[in-house]
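Biologist: I have the model open and a few questions about how it is put together. Can we go through them one by one?

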Amino acid sequence: MGVASSVASASPEARPTTPAAAFARLMEGNERWVSGDLQHPDRDPNRRQFVAQEQEPFGSILSCIDSRVPPELLFDTGLGDLYVMRTGGEAVGPVVTGSVEYGPMTSGTPLIVVLGHQRCGAVKAAYASIRDGKPLPGNLQAIVKALQPAYEQAAREGGADPVETMARAQVTLTAADLRSNDDLAPLVSKGALAVVGAFYSLDTGKVEVLAGAPS
């Protein structure tokens with residue numbers, strides 16, 4: 001197989017260059033994940049060769065470390081398609097924020113998704129720690145501290161399931177902070193970037209958009 005044909009087979013779809021197109025690509029992938037009609041794109045040796053020298057991911061995903069929520073699978077994407085950052089409960093700090101900023105600020109990645117999920121263990125542990133006034137051991141307490149604003153918002157909102165309320169609050173607060181930070185806000189304001197808050201159902205596999213979907 002020649003180089004030209006290898007490249008063609010490695011990149012069957014053009015990289016989305018707008019927030020709306022990138023978002024549509026992700027959500028189409030999630031629909032396939034839910035239905036089981038998977039394409040497994042960009043997962044062969046040709047694709048590996050195609051992206052070996054440089055990358056241009058069309059999305060950046062900040063999600064939880066939970067083993068049941070791998071973004072590349074639940075959006076049915078492949079090699080070189082996504083920047084992925086994973087922390088407990090989508091907890092953020094300067095290094096994490098810088099990692100999220102990397103794609104939009106260096107290679108024009110048009111989409112950021114903050115992805116929370118159902119039955120988040122990190123959020124559950126942080127909720128109990130704050131409620132009971134019992135710090136978690138070691139550096140786990142840093143996650144608790146990062147999730148404190150989400151706990152406070154959940155306490156104000158109430159609801160039948162305070163842990164899920166807190167998990168959703170963490171998504172919307174984090175997405176709002178990223179959308180308005182000094183470096184990303186100019187990209188958002190000119191329409192070059194969208195920051196979406198979303199929530200994943202472990203039961204159904206479906207991604208629910210909470211805020212920020214591009215039109």
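Biologist: Which residues does Arg32 touch, leaving out those up to four places away in sequence?
Modeller: Arg32 touches Asp37, Leu38, Gln39, Phe75 and Asp76. Bear in mind that this is a predicted model.

Biologist: And which helix is Arg32 found in?
Modeller: Arg32 belongs to helix α2, which spans residues 19-35.

Biologist: Buried or exposed, that Arg32?
Modeller: Buried, because its relative accessibility is 15% and the cut-off for buried is under 20%.

Biologist: How far is Arg32 from Arg43, C-alpha to C-alpha?
Modeller: Their C-alpha atoms are separated by 16 Å, and the two residues are eleven places apart along the chain.

Biologist: Back to α2. Which strands does it lie across?
Modeller: α2 lies across β1, β2, β3, β4 and β5, and it runs at about 35° to β3.

Biologist: What is the strand order in the sheet?
Modeller: The order is β2-β1-β3-β4-β5, in an open sheet of five strands with mixed pairing. From one strand to the next the twist averages 25°.

Biologist: Which strands stand at the edges?
Modeller: β2 (82-86) and β5 (207-211). Each has a single partner strand, so one side of each lacks a neighbour in the sheet.

Biologist: Now β1. How many bridges join it to β2?
Modeller: Five, and the two strands run parallel. Gly59 of β1 (residues 59-63) stands opposite Leu82 in β2, while Ser63 has Arg86 as its bridge partner there.

Biologist: And how many bridges between β1 and β3?
Modeller: Four, again in the parallel sense. Leu62 is opposite Val114 of β3 in that pairing.

Biologist: How many residues of β1 are buried?
Modeller: Five of the five, so β1 is largely enclosed by the rest of the structure.

Biologist: Which residues are on which side of β1?
Modeller: Gly59, Ile61 and Ser63 are on one side, with Ser60 and Leu62 on the other. Both faces are covered.

Biologist: Change of topic. Which strands does α8 touch?
Modeller: α8 packs on the sheet and touches β1, β3, β4 and β5. The direction of α8 makes about 170° with that of β4.

Biologist: At what angle do α7 and α8 pack?
Modeller: About 120°, with the axes of α7 (residues 140-157) and α8 (residues 162-180) 8 Å apart. The two helices are therefore oblique to each other, and their crossing is right-handed.

Biologist: Which residues make the contact of α7 with α8?
Modeller: On the α7 side they include Ala146, Leu147, Pro149 and Tyr151, and on the α8 side Pro162, Met166, Ala169 and Leu173 are among them. By class, the contact has ten nonpolar, four polar and one charged residues.

Biologist: At roughly what angle do α6 and α7 cross?
Modeller: Roughly 80°, and their axes come within 9 Å. That makes α6 (residues 121-132) roughly perpendicular to α7.

Biologist: Which residues in α6 meet α7?
Modeller: Ala122, Val123, Ala126, Tyr127, Ser129, Ile130 and Arg131. In α7 they meet Gln141, Val144, Leu147, Gln148 and Tyr151. This contact has eight nonpolar, three polar and one charged residues.

Terms used. Residues numbered from 1 in each chain as written. Predicted model: local features only at pLDDT ≥ 70, side-chain atom pairs only at ≥ 80, totals over all residues. Heavy atoms only, no water. Axes fitted to C-alpha atoms, helices over the stretch in contact; angles between N-to-C directions. Parallel < 35°, antiparallel > 145°, perpendicular 65-115°, else oblique. Left-handed = near helix turned anticlockwise from the far one by under 90°. Contact = heavy atoms within 4.5 Å. Nonpolar A, V, L, I, M, F, W, Y, C, P; charged D, E, K, R; others polar. Pairing = 2+ DSSP bridges. Buried < 20%, exposed > 50% of the residue type's maximum accessible area, 1.4 Å probe, protein only.
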